[in-house]
Amino acid sequence: MISFKHIYIKIMIHAYLVKKHLAIRAPLPAVDRVGTQFAKMLLNIYRRRNISVLSGFLVPAELMHVYGTAPMFVEVLSAVIASAGLGQRSLEYAETAGFSRDSCTFHRTALGAGLNGFLPKFKLVAATSHLCDGQSKALEELADRTGAPYILLDVPQESTAAAVNYLSAQLAELEDMLAALTGRRATPSHWQRVFSLSNETRDLMLKVGRLRSTQADRFFGLDAFNLALLAMLTMGTPFLRDCYRDLQHDLENAPVNAGDGGARFRIVWMLAYPYFQGNFISDLEDRLGVRSVAEELGQVYWSPLNPERPLQSLAVKMLQNPNLGPVANRVRLTEKLVEEYAPDGVLHFSHWGCRQGCGGVRPIADAMQRCNVPFLDLGGDCIDGRNYASGQTRTRIEGFVELMAKKDLNEHGKVMQPNGFYLGVDIGSQSAKAVVVDAAERIVFSTVILTGASSRRSAEKLKEAVWGNSAFSGKIRRCVATGYGRNAVDFADEQVTEITCHARGLAHQASGGVHRIIDIGGQDTKAICVAQNGIVTRFVMNDKCAAGTGRFLEMMARALEIDLEELGPLALQAKKTVTISSLCTVFAESEVISLIAEGVSSAAIARGICDSIASRTVSLLARISGNGAVAMSGGVAKNVGVVKALEQKLGKPMVIPPEPQIIGALGAALIATQKGV
Amino acid sequence: MKPVKEIIPELNSVQNRRETALDRVGAELPSFRFEACRPDPARRRIGWFCSYTPEELIMAAGFVPYRLGADIGGVEDHMDFLPPNLCPYVRKFLAAALAGHYRDLAGIVFVYSCDAMRRLADIWTTYDAPGFYYCLDVPRRSDLAAELFLMEQLQEFKSFLVRQAKREISNPDIHRAIQTVNHTRSLMERISRLRRHGAPVLQGSMFHAIARCGMQADKARFNIEAEHFLHRLESLSVGGAKRTGVAKPRVLLSGCVVDGTALPEFIEGCGCTIVADDHCTGARHYSGRMNDAMDPLRAIAWRYLQRPACARMTGAAARIRRVLSLARKYRVDGVIFQTLKFCDPVQADLPRLSETLQREGIPLLPIDLENSDTAGGQIKTRVEAFVELLKGHEPDER
């Protein structure tokens, strides 16, 4: 039967190949071959005479190439679907079929495409149990529903003799299936050929890895990640060997730091890259100049393969994967990469559905703190762009850049104009703030207005208020903007994230010195660890949802039918508290409504709400270690109920500046006093 | 020495809840004396989570295997060692453990069972490990190679236990433990069957409390009490003395781990009876006996790999066959499939289970819980509506 969906896909792939071919007439440089090779391999799985095998990305490709099959990884398929802008459609298809929205999109996307009839009928489906529970479940489901034979390679967590025997026996079963499908049995010379290519490529990968540490402008980030992914799929083929050989040649013969010269920060990238359309990679790589010089995925962790004992050798390779076993293996790998590449920072892209990756973040973050390397745990989804919060992501990566730049934001004596004034503007999600300081860092003016629907309009309003003030009109020397709407402040000389600004502002306001800062704003919560003089050493932000933020308080106050200002004093009146257990703001609201219906007093509910915010905040604070003085900024610091609940949980009083709302704007104004920040 | 009540707080709460469970059934039903099953306080306990933990070996080493619950109250502040998008049961357990519960355990056995358990083991071993710990790898396949691999793992675990217990573990020791646990299993199967009879001789929540007790008790004492209980209850149900009352809709509870007895009580409180279950902490834990004529480690490996499997061990097809056969055997009116948020293996089975049950004409209610031991008002409405649906939309049967 002819499938029109298959024809559509094939036409799309051909169109891509033709476009690539026309664009580059000369022989393709190594990096550009990656996309074309993925496209060719995709076409191969649609050719009926091919033995197409769909597998998880850690099924050893050498075995597939020894048998001349057309292999494809489920994760690669999902990434391609997302890059082509078809991710959402496939995900929605899978979700309509009942698959959980919380599962990993690297599996759910391909599953959705398969259920929707866009994938060919594979001759064999193979999964591994290495890294997660999700892959094998999704692949088994896809195999069952399309009537394809299925095999699970159950990979033990630790590499022992028993584990090698167990896994070799399973690889033998997979080999039997491939032999039956292809009608032939691999001879020693087949193994010899594929393994020697694999080993040769392995050596080249190590060399390219070493060269990359000095060539952050030529080969980095997503290109490197894609090649690493392709390498797993084509390991043991002449294509890959040639690709790495040419890449090595390119890198060796380029002058040091050739390329576009845009690299400002060299980082190590942990876990996966985002593929959904409209993601932040070009912002990160081009605008901010953050270039990944090494990726967790692309590391050579295995010993050379031995063609005399092919299956045992492949089993050992699989068992050497550092993502197996305890997280200590990943921590060691990260430390090794930090040692070898001496990066400016480490970024962990915590793909939402990845239990393995996200579950290991804390030990890695702590290890990086011990190594004194800036670390960013960036939450998001590689495939699904539907929940992408561009503002939050930008704040985080800019905060990370500020951390890497290690700016000394408290150096005095750099004031440009002794008689000038300096403006800080903080456009938050709920309110917009402006603070003017003089050259002696004294606050001479501050104002708070509601942000409303447009950040730009509120920025204009603040400008009018400042410029209209005759005391310093015309004497504003510099302006720094911060907050979510910082990019909407056209008149600012510079944008700095609220993370850096809050730290700077509080250092100014708290005389005794502050070690940790809680900032609860309208739409997010931050915990910031600061060294002396307000320099940020580590920060975390709540992600995933609005629970525990100012917005949460506002919604709860609405459910209680009281004004936001009344909530705190009301909570203080409560003799007992209730538990608000829902993590989600929407469900918490319905929980509050049920409590009202049960006749629980408003005071007790108000206290429950404050306790719930306090719990969430304290757990965020626990992610940045330390036990020094805690200060609080942001509008929620004005809520006495939340402050009391927090102090109770912390077991000590917090430092609260007189006007917590303007701390971000104050920090921005203080940063404006410094030259060339 | 701590009083037993402090060591096993759960048994107290179960004891307190027992009355409420029985109140709904009727008056003079025999009670299960949970307190009679408590282990001698002097004996050292080893905590475990996964139903694939070989309790027999722990017992053979002279320890009391103790299933760890998370429903004993932790401190949310400790939850950030693990990310929010991870199993709520595991996160809650960690919070409870970090808050100081379970400090009196001799040690903990983790099974590298699911992603969340592996990450829990990471945090436990990196940051906080009172007592000893062991990570056991259990294969996901059930063929001969898997059995041999599991035997090797069991051998290593046994050596570890020998070091911890500072005594040898002989084959007769293991044999005795196998016999005791086999006996527990057959008693639990008999108790479970009592739920089949229709009239609520034994409430599902009560069965659940007994099942849980069996995972935390001194098994020899539990067996004696279970025999007494069965004797008293079977004579009742044979006589039909208690076949009174309104027939409530018969429900099969399947899905994720059920932590504590709150969830079955909650579900039955919505007006139905759980007559069968298929999850880690219910009857499935007790199914499948060991062949005590085999080499003991082989017998253990064989039983764990051949018994009805959980969603981590097998694909949707096998899981659905199991749910269907239970649904038919226990003549259930509907199935409640309970999933914990972020439990990938169990959630992955739901789409096909739901298609199959629809084809078979068996109503299904999936519920997705954020908390491993509580359910909010929204879930209550759903369960109550489901019970109304099972009753055939009759406004009031009474």
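Author: Asp519(A) stands opposite Lys526(A), which lies in strand 15 of chain A, and in strand 17 of chain A the bridge partner of Asp519(A) is Ser633(A). The model is a predicted one, in which local features need pLDDT of at least 70 and side-chain atom pairs count only at pLDDT 80 or more, while totals for chains, interfaces and linings use all residues. Residues are numbered from 1 along each chain as its sequence is written, chains are lettered from A in the order in which they are written, and side-chain values use heavy atoms, with hydrogens and water left out.

Strand 14 of chain A (residues 516-520) pairs with strand 15 (residues 525-530) of chain A in the antiparallel sense over 5 bridges, and a hairpin of 4 residues joins strand 14 of chain A to strand 15 of chain A. With strand 17 (residues 630-633) of chain A, strand 14 of chain A runs parallel, joined by 4 bridges. Strands here are DSSP runs of E, at least two residues long, and helices are runs of H or I of at least four, numbered from the N terminus; two strands pair if DSSP finds at least two bridges between them.

Because 5 of the 5 residues of strand 14 of chain A are buried, this strand is largely enclosed by the rest of the structure. Buried means under 20% relative accessible area (1.4 Å probe, protein chains only). Both faces are covered, with Arg516(A), Ile518(A) and Ile520(A) buried on one side and Ile517(A) and Asp519(A) buried on the other.

Now to the place where the chains meet. The contact (heavy atoms within 4.5 Å) takes 56 residues from chain A and 47 residues from chain B. The area buried between chain A and chain B, that is, the accessible area (1.4 Å probe) that the two lose on being put together, summed over both, is about 4,400 Å², and carbon and sulfur atoms give 49% of that. In chain A, Asp133(A), Lys137(A) and Arg355(A) lose the most area to chain B, together 18% of what that side buries.

Between chain A and chain B the count is 8 salt bridges, each a side-chain nitrogen of Lys or Arg within 4 Å of a carboxyl oxygen of Asp or Glu. The side chains of Asp133(A) and Arg140(B) meet in a salt bridge, at 3.2 Å from N to O.

Definitions and conventions
Buried means under 20% relative accessible area, exposed over 50%, partly exposed in between (1.4 Å probe, protein chains only).
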